[in-house]
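Trainee: I am new to this structure and would like a close look at how its aromatic rings pair up. Could you take me through that part, and then on to whatever else deserves a look?

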Amino acid sequence: MSISVGVLGATGLVGQRLLVRLENHPQFDVVAIAASEDRIGEPFEGSVPWRIDEPRPTSFDHLTFDKAAPGELTGDPPLVLSALPGSVATETEPAFAEAGVIVCSNASPLRMAEDVPLVIPEVNADHLSLIDEQRRSRGWDGAIIKNPNCMTTTIALPFAGLSDLGLDRATIVTMQAISGAGTGGVFGIDIVDNVLPDIPGEAPKLATEPRKLLGTVTAGQLTQHPISIDAACHRVPVLDGHFATCFVELDEAYPPSQVRAAIEGLEGVNLPSAPAQPITVIDEPRRPQPRIDRDLGAGMGVAVGPISVEQHRVSFSCLAHNTIRGAAGACLIAAEAAVDDGYLD
């Protein structure tokens, strides 16, 4: 079965990562691309500055940019993957959902809405059931599905492994790559030979999004996880790869072997873009490192550094490719999960 797909925001870093992963995809066929209005009618071939370290997919050279609006996309695809900036997504994505389109989105608006699934398939694929409540309450025939913030994704996977041991609270210190700010987000003169603390708006996402991801859905109602999270976020002169050091308190003490097994044992999912092993624990000192470990699992794996356990306190570092696992790949795997659950039948 081939499902027609449109890509919104196809010219940015996340949009470009999406197109690379959609070329030769076993389920999805890209029939439409959309970007800012000044590009409408322009061909994909030769008109987009290519900014990522993967070859530009030539399969889409015949496409021209459409307006990012319902009824304006070539082929009227039933599914769109959105890499739109938040300011545009706020109105555009609900318009598509109201028009009967499934929207899988990397944008932040509506992530914390109670009827909008915020999904990492290895963590909470069952939250897709919120689509039914979303459609009922909003009167939509389509739906909006969100993937988390890129740094949230990096920590949420190992946290999910620990959730059965009783997560109580966590303190997180992040070092986040410049690509997380987009192509125009950080000036070179600011980041070269420097560290930028307090990324605007980042710490609140890390405090709230994991609570939704690790929560439970019963009869269409979401109950958030009670974990308390404090975060300090920094932008560092690394191109790709978000890194965090996590200090976690559990409800009670567990032996180190059981803690490691809980983190490392997070099960994978049978989806085309999913890594066979979501989490890899690396015991080497001074690991993980962005340059060495960010491409683990074709960019979809999370590397966890040596795990230290003292009574009920656990500490470790973790790393993931922010524009793949944390953004484009996260959006794509959420769409694959929606297909798996029958929402595109």
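Mentor: Gladly! Let's begin with a term: a residue is called buried under 20% relative accessible area, exposed over 50%, and partly exposed in between, with a 1.4 Å probe and protein chains only. Please keep in mind that this is a predicted model, where local features need pLDDT of at least 70, side-chain atom pairs count only at pLDDT 80 or more, and totals for chains, interfaces and linings use all residues. Residues are numbered from 1 along each chain as its sequence is written, and side-chain values use heavy atoms, leaving out hydrogens and water.

Now to your rings. Rings of Phe, Tyr and Trp (its six-membered ring) pair if their centres lie within 6.5 Å; planes under 30 degrees apart count as stacked, over 60 as edge-to-face and the rest as tilted. Searching the whole structure gives three aromatic pairs. In one of them, Phe44 and Trp50 have ring centres 6.4 Å apart and planes at 90 degrees, so this pair is edge-to-face. Phe44 is buried at 0% relative accessibility, whereas Trp50, at 24%, is partly exposed. Another pair joins Phe159 and Phe316: with centres 6.4 Å apart and planes at 85 degrees, it is edge-to-face. Phe159 sits in helix α5 (residues 150–162) and Phe316 in strand β16 (residues 313–320), so their pair ties together parts that are 157 residues apart in sequence.

Next, the cysteines. A disulfide here is a pair of cysteine sulfur atoms within 2.5 Å, and the count by this rule is zero. For Cys104, the closest cysteine sulfur belongs to Cys331, 5.7 Å away, which is too far for a bond. For Cys318, the closest one is in Cys246, at 4.0 Å, and that is too far as well. Cys104 is buried, at 0% relative accessible area, and Cys318 is buried with a value of 0%.

Helix α4 (residues 130–138) also has buried residues: Leu130, Ile131, Glu133 and Gln134. They cover an arc of only 160 degrees around the axis, so they are on the same side of α4; the arc is taken over the directions from the helix axis to the C-beta atoms. Strands β6 (143–146) and β9 (216–218) are included in what covers these buried residues. Just after α4 comes Gly139, with a positive phi of about 75 degrees.

Finally, some backbone details. Most residues other than glycine have a negative phi, and most peptide bonds are trans. Asp76, which is not a glycine, has a positive phi of about 45 degrees. Asp76 lies in the loop between β3 (65–66) and β4 (79–82) and is exposed at 53% relative accessibility. Gln311 has a positive phi near 55 degrees, is found in the loop between β15 (308–310) and β16, and is exposed at 61%. A cis peptide bond, with omega about 5 degrees, joins Arg287 and Pro288; Pro288 is in the loop between β13 (279–281) and α9 (290–293).

How values were computed:
Helix = DSSP H or I, 4+ residues; strand = E, 2+ residues; numbered from the N terminus. Contact = heavy atoms within 4.5 Å.
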